[in-house]
Amino acid sequence: MDASSQPQQGAPQTAVDAWQLLGTRPSKIFAMHIGYAARAAQKGRTPEAPGYFLKPATSLSTGGEMVAPAGTEIFGFEGEIAIVIGSAARAVSEADAWGHVAHVTASNDLGVFDLRWVDKGSNIRSKGGDGFTPIGPTLLDATQLDPNAIEVRTWLDGELVQADSTATLIFSLAQIVSDLSQLVTLEPGDVILTGTPANASTFAPGQRVEVEVSATTVDGQQVSTGRLASTVRVGEQQLPPYSAQPKPTPEQWADASGRPVAEFQDAAAPVLDDELRAQLASVALATLSSALRKRGLNNVSIDGLRPTQPGTRIIGTARTLRYVPNREDLFETHGGGYNAQKRLFDDLHPGDVVVMEARGDNRAGTFGDILALRARHLGAAGIITDGAVRDLDVVTEIGVPTYHGGGHPAVLGRLHVPWSYDETIACGGTTVQPGDVIVSDGDGLLVIPPAIARELVAECIAAERAEEFIAQQMDAGERIEGLFPMNAEWRAKYEATLSEADGQ
């Protein structure tokens, strides 16, 4: 059945154009996660088996303008070779697989990476939108091509940025078709995007991405799809509040562009490197609190919680999780499955501190032993909740330093709906934002704004050096008066000792 004979009501015109190019509306569009060896090397992981995700037929277009939702800003391009199934295939062998392919064409696996945080591999929002899968502009006859010698190239504003050949695929085109057919019947018109080479990156409104697929036919002729051109525009469509909102994080910028995450981190925010961690570990929480108070920051302590590992310090970067009071209809949509709580714990990095807002209600658990194990495996520095911990004894044994409002055997669904993460929250009487520096010792927990962390800790090191001098004088029998705090006379004596020490 060709596209003209199928119902088109409500279908975007961009998709209809692509269906007409294919001669049918495809029942399925598959896309490879990692296809080329160079891409695997760039990503730092090589798949042991082919991996795929699905895209809607309405995501197809023949190029032109991709319109992204308002508020988005991370737009990724991935030039790819697309193959089009010509005859039904079910459990076909590798040797027979290429015979079921009718055409080869160019494709661009476009993405809005601001929305990828909620997809976790499905890519339905970030890569499934209308017009996010341009193909064309022409189809090449697969029967005339060597599937192991097809080339793909991508240009950004006329500069060649991607180039590779199917000769370097981790899994050949025939293997991909055969593999998919083992469990899924491939039907005429189905499209398979076979992965992008290294150096897929981002583009911005006003820039133009072009993809071309070329090959030499069996009789020696050079053939090409021509260049498939795409641009992007940020539209006026506002996503409703219950939809996933754009989160242009440094991690998503780095993933989309292939560049180091450090390039996208706020220059004002400190990276908790070994030096800064050591400096924070060397000063008391009381000293940090005094220094924050001098700057007018009095409400920066997380209060009323108890530690599972007394004597163990937490020094890390806040990752926030917010629970709202349980409402049955909302728990149905946000509580089960791969919810915000599980997504956050799966996205932890070494040094992260999970900080949870549970409204101080400790009549149900906010996490338990399974998530504590995940946090330990990923190198989290700590977990803080102003609610309760389920499996408290086991969580304590697992060893991730945790501050909590008590233990409770009930699951979170009794009281809490996991609503969102990496947003500003309240915990233990103070406000915590993603990226805040969290420090603890026996006195409790402090939240340090990242922009002042380095300057603050340097000030605290100097303050504790002065306090060491005062303690030495007290131990020698000196009076408190004039020494604590130091008057001008004692200050001069102290500075003299500093000069002597520096001169040695």
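Strand S5 (residues 75–77) and S13 run antiparallel and are joined by three bridges. Strands here are DSSP runs of E with at least two residues, helices are runs of H or I with at least four, and both are numbered from the N terminus. Two strands count as paired if DSSP finds at least two bridges between them. The model is predicted, so local features need pLDDT of at least 70 and side-chain atom pairs count only at pLDDT 80 or more, while totals for chains, interfaces and linings use all residues. Residues are numbered from 1 along each chain as its sequence is written, and side-chain values use heavy atoms, with hydrogens and water left out.

**The sheet around S5**
- Phe75 has Phe203 in S13 as its bridge partner.
- S5 belongs to an open sheet of three strands with antiparallel pairing, in the order S8-S5-S13.
- Strand S8 (111–112) and strand S13 (201–203) are the edge strands, each pairing on one side only.

**S20 and its partners**
- Strand S19 (residues 315–325) runs parallel to S20, and six bridges join them.
- In that pairing Leu321 stands opposite Met356 of S20.
- Strand S21 (residues 382–385) also pairs with S20 in the parallel sense, over four bridges.
- Val353 has Gly382 in S21 as its bridge partner.

**Burial of S20**
- Six of the six residues of strand S20 (residues 352–357) are buried, that is, under 20% relative accessible area with a 1.4 Å probe and protein chains only (exposed is over 50%, partly exposed in between).
- In a regular strand the side chains alternate between the two faces of the sheet.
- One side of S20 carries Asp352, Val354 and Met356 and the other Val353, Val355 and Glu357, all of them buried.

**Whole protein**
- The protein has 14 helices and 27 strands.
- Its C-alpha trace spans about 100 × 60 × 45 Å along the principal axes.
- Of its 504 residues, 49% count as buried.
- Among contacts (heavy atoms within 4.5 Å) with a separation of 6 or more, 76% come from residues 24 or more positions apart.
- The accessible surface is about 22700 Å², 50% of it belonging to carbon and sulfur atoms, by the Shrake-Rupley method with a 1.4 Å probe.

**Confidence**
- The average pLDDT, the predictor's confidence in each residue from 0 to 100, is 90, and 95% of the residues score at least 70.
- Over residues 1–5 pLDDT stays under 50, and the model has 10 contacts for them beyond four places in sequence.
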